[in-house]
Amino acid sequence: MKLTRTLLTAAMISTLLLAGCGGGGAKVTSINATMGQELQDLEEAKSKGLVDEKEYEKQRKAIMKRYK
C-alpha cells in the first residue's frame, strides 16, 4: 500500500513537472556579437590551436554569410 502511494505520488509529480515543458516551439535566435567580434574570436581560437585551418575557413565563411 505504501509503495503504491509512493509510486502514484511520484507519477503525479512527474506529470506536473513535464506539463510545464510544453513551450511554444518558437525558434529564438539572438546574435549579440558583431561580425568583427565573431571573426576576432575565431582568429583567436585558431591561434590557440582550438580549431584547425579547415574548420577556421568553414566557420569564417559561415560568419560572413550570416551578415550578408
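**View 1. The buried residues of helix α2 in the predicted model.** In this predicted model, the residues of α2 that are buried are E38, L42 and A45. Seen down the axis of α2, these buried residues fall within an arc of 60°, so they line one face of the helix. An α-helix has 3.6 residues a turn, so residues three or four places apart point the same way. The partner against which the buried residues of α2 pack is α3, while on the other side of α2 the residues Q40 and S47 are exposed.

View 2. E38 belongs to helix α2, which covers residues 35-47. Is E38 buried or exposed? Because buried means under 20% relative accessible area, E38, at 17% relative accessibility, counts as buried. The side chain of E38 is joined to the side chain of Y67 by a polar contact of 2.6 Å.

**View 3. Helix α2 along its length, and the residue G49 after it.** Helix α2 consists of 13 residues, and from its first C-alpha to its last it reaches 18 Å, which is close to the 18 Å expected at 1.5 Å a residue. Just after α2 comes G49, a residue that takes a positive phi of about 80°.

**View 4. The chain as a whole, with its helices and its surface.** Three helices and zero strands are found in the chain, and the order of the elements from the N terminus on is α-α-α. Of the 68 residues in the chain, 7% are buried.

**View 5. Confidence along the predicted chain.** The chain has a mean pLDDT of 79, with 57% of its residues reaching 70 or more. Which helix of the chain has the lowest confidence, and which the highest? Confidence is lowest in helix α1, residues 2-19, where the mean is 60, and it is highest in helix α3, residues 53-66, where the mean is 95. Where pLDDT is low, the predicted coordinates should not be read in detail.

Notes: Residues numbered from 1 in each chain as written. Heavy atoms only, no water. Helix = DSSP H or I, 4+ residues; strand = E, 2+ residues; numbered from the N terminus. Buried < 20%, exposed > 50% of the residue type's maximum accessible area, 1.4 Å probe, protein only. pLDDT = per-residue confidence, 0-100. Polar contact = N/O pair within 3.5 Å; in protein donor to acceptor, adjacent residues only side chain to side chain. Expected span 1.5 Å × (residues − 1). Arc of directions from axis to C-beta. Contact = heavy atoms within 4.5 Å.
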